[in-house]
Amino acid sequence: MTQTTQVVTIQNNDIVQFEHDINRALVDLSDFFIIDIKYNTLYIGEQTIIHSALIIYSYHE
(Lines give C-alpha, C1' and ligand atoms only; values in the text may rest on other atoms or scores of the structure.)
Protein backbone atom coordinates (compact mmCIF):
# COMPACT_ATOMS: atom_id res chain seq x y z
CA MET A 1 0.00 0.00 0.00
CA THR A 2 1.41 3.38 -1.02
CA GLN A 3 0.52 6.71 0.56
CA THR A 4 0.27 9.65 -1.81
CA THR A 5 0.21 13.30 -0.78
CA GLN A 6 -1.54 15.85 -2.97
CA VAL A 7 -2.02 19.63 -2.80
CA VAL A 8 -4.99 21.77 -3.81
CA THR A 9 -4.66 25.54 -4.12
CA ILE A 10 -7.57 27.96 -4.11
CA GLN A 11 -7.33 31.66 -4.93
CA ASN A 12 -9.98 34.34 -5.16
CA ASN A 13 -10.30 38.05 -4.49
CA ASP A 14 -13.95 37.70 -3.38
CA ILE A 15 -14.04 36.44 0.22
CA VAL A 16 -17.55 34.99 -0.10
CA GLN A 17 -16.64 33.02 -3.22
CA PHE A 18 -13.33 32.03 -1.62
CA GLU A 19 -15.11 30.54 1.41
CA HIS A 20 -17.56 28.76 -0.91
CA ASP A 21 -14.66 27.31 -2.93
CA ILE A 22 -12.94 26.04 0.23
CA ASN A 23 -16.13 24.44 1.53
CA ARG A 24 -16.72 22.74 -1.82
CA ALA A 25 -13.11 21.48 -1.89
CA LEU A 26 -13.41 20.08 1.63
CA VAL A 27 -16.62 18.25 0.68
CA ASP A 28 -14.88 16.86 -2.41
CA LEU A 29 -11.96 15.72 -0.22
CA SER A 30 -14.09 14.23 2.55
CA ASP A 31 -12.89 10.69 1.76
CA PHE A 32 -9.23 11.73 2.12
CA PHE A 33 -7.06 12.52 5.12
CA ILE A 34 -6.52 16.30 5.39
CA ILE A 35 -2.97 16.89 6.61
CA ASP A 36 -2.96 20.68 6.77
CA ILE A 37 -4.70 23.81 5.50
CA LYS A 38 -2.74 27.04 5.10
CA TYR A 39 -4.52 30.35 4.59
CA ASN A 40 -3.00 33.57 3.33
CA THR A 41 -4.34 37.03 2.56
CA LEU A 42 -2.29 39.24 0.28
CA TYR A 43 -2.96 42.98 0.25
CA ILE A 44 -1.85 44.80 -2.87
CA GLY A 45 -2.38 48.53 -2.52
CA GLU A 46 -5.53 49.74 -0.84
CA GLN A 47 -8.17 47.94 -2.88
CA THR A 48 -6.74 44.64 -4.12
CA ILE A 49 -6.93 41.66 -1.79
CA ILE A 50 -6.20 38.07 -2.79
CA HIS A 51 -7.24 35.24 -0.48
CA SER A 52 -5.52 31.91 -0.96
CA ALA A 53 -5.56 28.50 0.66
CA LEU A 54 -3.38 25.45 0.31
CA ILE A 55 -4.99 22.14 1.26
CA ILE A 56 -2.59 19.24 1.74
CA TYR A 57 -4.17 15.80 1.82
CA SER A 58 -3.17 12.18 1.46
CA TYR A 59 -4.69 8.86 0.46
CA HIS A 60 -3.63 5.26 0.18
CA GLU A 61 -3.40 3.64 -3.22
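Visitor: Which residues make up the largest nonpolar core?
Guide: This is a predicted model. Nonpolar side chains tend to be buried together in soluble globular proteins. Here the largest nonpolar core has 8 residues. They are Ile10, Phe18, Ile22, Ala25, Leu29, Ala53, Ile55 and Tyr57.

Visitor: Which elements give two or more residues to this core?
Guide: Among the core residues are Phe18, Ala25, Ala53 and Ile55. Ala25 lies in helix 1, which covers residues 15-28. Strand 3 covers residues 48-60. The elements that give two or more residues to the core are helix 1 and strand 3.

Visitor: Is Ala25 buried or exposed?
Guide: Look for Ala25 in helix 1. Its relative accessible area is 12%. Buried means under 20%. Therefore Ala25 is buried.

Visitor: Which residues does Ala25 touch, not counting residues up to four places away in sequence?
Guide: Start from Ala25 in the largest nonpolar core. Contact here means heavy atoms within 4.5 Å. Leaving out residues up to four places away in sequence, Ala25 touches Ile10 and Ile55.

Visitor: What does Ile10 touch, again not counting residues up to four places away in sequence?
Guide: Ile10 is another member of the core. With residues up to four places away in sequence set aside, its contacts include His51, Ser52, Ala53 and Ile55.

Visitor: How far does helix 1 reach from its first C-alpha to its last?
Guide: Helix 1 has 14 residues. At 1.5 Å a residue, the expected span is 20 Å. The model comes close to that, and helix 1 reaches 20 Å.

Visitor: Why do the buried residues of helix 1 line one face?
Guide: In helix 1, Phe18, Asp21, Ile22 and Ala25 are buried. On the other side of helix 1, Val16 and Val27 are exposed. Seen down the axis, the buried residues line one face because they fall within an arc of 100 degrees.

Visitor: Which residue forms a salt bridge with Arg24?
Guide: Side chains of opposite charge can pair when their charged atoms come close. For Arg24, the closest N and O atoms of the pair are 2.9 Å apart. Both residues lie in helix 1, 3 residues apart, about one turn of the helix. The partner of Arg24 is Asp21.

Visitor: Is Asp21 buried or exposed?
Guide: Arg24 is partly exposed, at 43% relative accessible area. Asp21 has a relative accessible area of 13%. The limit for buried is under 20%, so Asp21 is buried.

Visitor: Which residue forms a salt bridge with Lys38?
Guide: The count of salt bridges comes to 2. Lys38 is partly exposed, at 46%. In its salt bridge, the closest N and O atoms are 3.0 Å apart. The partner of Lys38 is Asp36.

Visitor: Over how many bridges do strand 2 and strand 3 pair?
Guide: Strand 2 covers residues 33-44. Tyr39 has Ala53 in strand 3 as its bridge partner. Leu42 has Ile50. The two strands pair in the antiparallel sense over 11 bridges.

Visitor: Which residue takes a positive phi in the hairpin of strand 2 and strand 3?
Guide: This hairpin has 3 residues between the strands. The positive phi is near 70 degrees. The residue that takes it is Gly45.

How values were computed: Residues numbered from 1 in each chain as written. Predicted model: local features only at pLDDT ≥ 70, side-chain atom pairs only at ≥ 80, totals over all residues. Heavy atoms only, no water. Helix = DSSP H or I, 4+ residues; strand = E, 2+ residues; numbered from the N terminus. Buried < 20%, exposed > 50% of the residue type's maximum accessible area, 1.4 Å probe, protein only. Pairing = 2+ DSSP bridges. Salt bridge = Lys/Arg side-chain N within 4 Å of Asp/Glu carboxyl O. Core = buried A, V, L, I, M, F, W, Y, C linked by side-chain atoms within 4.5 Å. Expected span 1.5 Å × (residues − 1). Arc of directions from axis to C-beta.
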